[in-house]
2 protein chains.
Amino acid sequence: MPATTRPKPAQDPDVACADPHEHDPAALAQLATRLLDQRAVEAVSEVFKLLGDGTRVRLVDALTHGERCVCDLAMLLGLTESAVSHQLRLLRGARLVRVRRAGRMAYYSLDDHHVVGLLHDTRRHVEEGHA
Amino acid sequence: MPATTRPKPAQDPDVACADPHEHDPAALAQLATRLLDQRAVEAVSEVFKLLGDGTRVRLVDALTHGERCVCDLAMLLGLTESAVSHQLRLLRGARLVRVRRAGRMAYYSLDDHHVVGLLHDTRRHVEEGHA
DNA sequence: TTGACATATGAACACTTGTTCATATATTCA
DNA sequence: TGAATATATGAACAAGTGTTCATATGTCAA
């Protein structure tokens, strides 16, 4: 595949665009094989998209402290129960929260231990200010 | 503040909405003090919002493998350099990536070790399927 | 300087999204 | 049964967003 005359340095193949500008198509193609595939990108970005809303962050944060019914979440966050239900439905779709039904009540809780970590790590990032 | 006649069980104060429906305003108010404040919610959700886009996830994922210039990122992801520059600007605003300028080139890299963890944990979440 | 190149930026458009309102489903109690 | 409660859902609108196109800035080479 000697399309380029410039010899590739025998170093980390990840480094395609080294100090001088290379635009080495072969190295880029090789790197492309190591990137997330389309399905993974969509799935990952959808989870982030769900957490990229203040209301849903507050819901998840509230559920961090334990299981809650819809009406209490609505009262706690100052939202209508309809809005809460809509958002919980979205979070449920991505298995970020789960629901336990008891009579006419619906108790929501976090469905994944990763979510707490995501919230925590992101909070640390924004609190670090910089470097 | 004995506004409610029902005695609060002397257990984890997190549990305000226990088995029977309570709607205990005092317990909810107490819980409210433990939630993220508005500034934190906005800062956290903004980071998630930035990662909640397929293009930016791909950019961050690519940068996981090392520093890259704008043109290589554009070539790698099949995007215009303008689109890449726009998105990198947003990521830079949240200190998710940083830029190193060399001549007319701009080399971007991840600015925070947390980001790699966020991507990794979220990927595991979506790959776990369920439970 | 001139031209080419790498990146950045502003405006504008189509598209998506969160909320509200009205209504539906389902359960409990009288 | 009927009324009240808790939740869910559909439609619709305002607000926000990512891309494209055109253009600006700054750098390198001749």
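Student: What stands opposite Cys69(B) in β3(B)?
Tutor: Tyr107(B) does. The model is predicted, with local features needing pLDDT of at least 70 and side-chain atom pairs counting only at pLDDT 80 or more, while totals for chains, interfaces and linings use all residues. Residues are numbered from 1 along each chain as its sequence is written, and chains are lettered from A and ligands numbered from 1 in the order in which they are written.

Student: How do you know that strand β1 (residues 68–69) of chain B pairs with strand β3 (residues 105–110) of chain B?
Tutor: Pairing takes at least two bridges found by DSSP. Two bridges join β1(B) to β3(B), so they pair, running antiparallel.

Student: And what joins strand β2 (residues 97–102) of chain B to β3(B)?
Tutor: Six bridges, again antiparallel. Ala102(B) stands opposite Met105(B), and the hairpin has two residues between its strands, with Gly103(B) in the turn showing a positive phi of about 65°.

Student: Why are α6(A) and α2(B) called roughly perpendicular?
Tutor: The word covers angles of 65 to 115 degrees. Helix α6 (residues 113–127) of chain A and helix α2 (residues 38–51) of chain B have axes that cross at roughly 105° and come within 9 Å, so the two are roughly perpendicular.

Key
Axes fitted to C-alpha atoms, helices over the stretch in contact; angles between N-to-C directions. Helix = DSSP H or I, 4+ residues; strand = E, 2+ residues; numbered from the N terminus. Parallel < 35°, antiparallel > 145°, perpendicular 65-115°, else oblique.
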